Amino acid sequence: MLRVKPSNISEEDYLQGELTSDVKHELIGGSVFAMAGASANHERICLNISRKFGDHLNGSPCEPFGSDMKVKTGSNYFYPDVIVACNFDESQPYFTETPIIIVEVVSKTTRKTDETANSTHKCNTQQIIGIKSRHFTKYLPRCFVV
């Protein structure tokens with residue numbers, strides 16, 4: 001990730017900027033980082049996971065969201081690849097603080113960052129799925145968000 005804004009930007013300024021930006025950013029420790037694009041394989045994996053969750057959760061109060069939904073943990077905001085949230089709070093339509101599942105699809109170059117960054121968010125399950133290695137890691141009961 002590339003830092004694009006100086007440290008100590010407010011949450012309000014970050015959220016306002018995300019509404020009009022052509023590029024997604026994450027807010028980590030007061031700094032704003034630009035998000036890189038994803039490969040075709042990455043997108044295939046994410047869409048398949050989201051579709052399977054959607055099929056399984058049909059008729060329940062839970063629903064999957066893709067990588068355009070932010071997760072807030074403390075004063076940090078992240079874009080996981082796939083999340084599942086139940087009884088989504090529509091008063092905050094651009095992020096959730098209560099995902100029950102977070103999925104990160106990682107590549108060889110992003111695995112270390114994705115597995116070590118900000119391990120403070122609590123949810124029921126986080127899945128880490130490697131693109132080429134077919135590696136699958138499940139973290140319970142804590143998860144982290146990148």
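**View 1. Surroundings of Glu 18 in the predicted model.** Apart from neighbours within four places in sequence, Glu 18 is in contact with Val 23, Lys 24, His 25, Lys 70 and Tyr 79 in this predicted model. Glu 18 belongs to helix α1, which covers residues 11-20, and although this residue is buried, it has no salt bridge, the nearest side chain of opposite charge being that of Lys 70 at 5.1 Å. Lys 24, one of the contacts of Glu 18, lies over the face of Tyr 79, at 4.9 Å from the ring centre.

**View 2. The ring pair of Phe 65 and Phe 88.** The structure holds three aromatic pairs. In the pair shown here, the ring centres of Phe 65 and Phe 88 are 5.0 Å apart and the planes stand at 40°, so the pair is tilted. It links distant parts of the chain, with Phe 65 in strand β4 (residues 62-65) and Phe 88, 23 residues apart from it, in the loop between β7 (82-86) and β8 (95-96); both residues are buried.

**View 3. The ring pair of Tyr 77 and Phe 95.** The ring centres of Tyr 77 and Phe 95 are 5.4 Å apart with planes at 85°, so this pair is edge-to-face. Tyr 77 in strand β6 (residues 76-78) and Phe 95 in strand β8 are 18 residues apart, and their pair links distant parts of the chain. Both Tyr 77 and Phe 95 are buried, and ring pairs link these two residues and Tyr 14 into a cluster.

**View 4. Residues 132-136, where pLDDT stays under 50.** For this stretch the model has eight contacts beyond four places in sequence. Where pLDDT is low, the predicted coordinates should not be read in detail.

How values were computed
Residues numbered from 1 in each chain as written. Predicted model: local features only at pLDDT ≥ 70, side-chain atom pairs only at ≥ 80, totals over all residues. Heavy atoms only, no water. pLDDT = per-residue confidence, 0-100. Contact = heavy atoms within 4.5 Å. Helix = DSSP H or I, 4+ residues; strand = E, 2+ residues; numbered from the N terminus. Buried < 20%, exposed > 50% of the residue type's maximum accessible area, 1.4 Å probe, protein only. Lys, Arg positive; Asp, Glu negative; His and termini not counted. Salt bridge = Lys/Arg side-chain N within 4 Å of Asp/Glu carboxyl O. Phe/Tyr/Trp six-rings, centres within 6.5 Å; stacked < 30°, edge-to-face > 60°. Lys NZ or Arg CZ within 6 Å of the ring centre and 35° of its normal.
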